[in-house]
Amino acid sequence: MTDGLDGVRDHYRATGLTERLKTVLAAFGPEDRLLTPQQLGTLDQFHTRGLAATAELAQLADITAGMSVLDVGSGIGGPARFLAATCGCQVTGVDISEPFVEAARYLTARTGQNGQLSFHAASALELPFADGRFDIVLLQHVAMNIFDRARLYREIRRVLKSGGRFATFDVVLRGGEARYPLPWARTPATSFLLTADATREAIEPAGFRMLAWQDDTEAAKTWFAQLRASGPPPSPNLGVVMGPDFVELAANLGRNLMEGRLGILTAVFEAASTNS
Ligand SMILES: C[S@@+](CC[C@H](N)C(=O)[O-])C[C@H]1O[C@@H](n2cnc3c(N)ncnc32)[C@H](O)[C@@H]1O
């Protein structure tokens with residue numbers, strides 16, 4: 001098996017994304033009118049349960065004003081903008097997709113948050129930061145794209161201060177194989193799902209102690225059922241980012257959850273002291 005990084009980059013290549021965003025955001029008014037992170041919430045939260053999930057993760061991780069937060073696999077920057085606005089923290093985002101990083105910078109200029117946020121194109125497996133730089137690291141719906149989990153969690157531990165917190169919100173295997181295509185992978189070639197227990201077994205040896213552990217599958221199933229019942233998706237939505245079939249990819253994740261194949265895990269860990 002390969003690490004699939006080229007395939008993952010290809011899945012998120014999003015050619016012409018910033019231009020598409022400019023076009024759809026014209027509906028909110030002229031380019032120089034500031035937008036709020038909440039206005040972008042249907043478009044820029046690339047994970048199950050959108051803004052609500054980001055807000056809950058921030059609360060569980062106890063993110064407070066002035067903290068330095070790293071969002072690994074930051075997508076087009078929605079969670080970072082929302083957290084900076086609601087928690088008063090500084091957020092750095094890294095993502096392997098250059099078009100996503102460019103779009104994240106563009107949208108952050110549109111919300112007037114350049115002073116609190118920065119985005120970098122880099123791999124989660126080689127974070128371009130010094131040891132012990134961050135108070136909090138977030139990972140939302142990214143781990144399933146990463147084959148080398150041991151290395152991922154070691155890198156996250158390396159850039160966290162001792163006593164800092166790592167909050168993860170991800171899709172996990174639950175009972176059987178996933179059915180593709182899915183929002184993060186159209187085929188199994190770029191999908192590296194683990195069970196919740198195997199995820200914990202990969203995280204703890206990297207130097208973490210568990211603080212919180214939640215199975216959020218039922219909440220996700222309810223959310224997908226409500227989406228299906230509420231008719232056409234809101235506009236703008238993630239179809240602008242990922243293409244017109246995104247609605248089907250998302251609905252397929254909902255089906256995998258309903259069938260008991262996949263689940264949703266939320267967990268927070270504390271970075272153990274490197275001296276102990
Ligand atoms: C489903 S999206 C989630 C984006 C964001 N966390 C959010 O919730 O809005 C997955 C993101 O992970 C990024 N990603 C996948 N593998 C990565 C890697 N090895 N290093 C950095 N980013 C990666 C993708 O480019 C994509 O932006």
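Predicted model: local features only at pLDDT ≥ 70, side-chain atom pairs only at ≥ 80, totals over all residues.

Me: What is the distance from the ligand to the side chain of H47?
Reply: An N or O atom in the H47 side chain lies 2.6 Å from an oxygen atom of the ligand.

Me: And which polar backbone atoms does the ligand reach through nitrogen?
Reply: One belongs to G73, where a ligand nitrogen atom is 2.6 Å away. Another belongs to Q140, at 3.0 Å from a nitrogen atom of the ligand.

Me: How much of the ligand does the protein bury?
Reply: The protein buries 99% of the 600 Å² that the ligand exposes when taken alone.

Me: Changing topic to helix α9: how many residues does it have, and how far does it reach?
Reply: Helix α9 covers residues 217-229, which is 13 residues. From its first C-alpha to its last, α9 reaches 18 Å, close to the 18 Å expected at 1.5 Å a residue.

Me: Which residues of α9 are buried?
Reply: They are T217, A220, K221 and F224.

Me: Why do these count as lying on the same side of α9?
Reply: They lie on the same side of α9 because they cover an arc of only 100° around the axis.

Me: And what is exposed on the other side of α9?
Reply: Q226 and A229 are exposed there.

Notes
Residues numbered from 1 in each chain as written. Heavy atoms only, no water. Polar contact = N/O pair within 3.5 Å; in protein donor to acceptor, adjacent residues only side chain to side chain. Areas by Shrake-Rupley, 256 points an atom, 1.4 Å probe, with all protein chains shown as cover. Helix = DSSP H or I, 4+ residues; strand = E, 2+ residues; numbered from the N terminus. Expected span 1.5 Å × (residues − 1). Buried < 20%, exposed > 50% of the residue type's maximum accessible area, 1.4 Å probe, protein only. Arc of directions from axis to C-beta.
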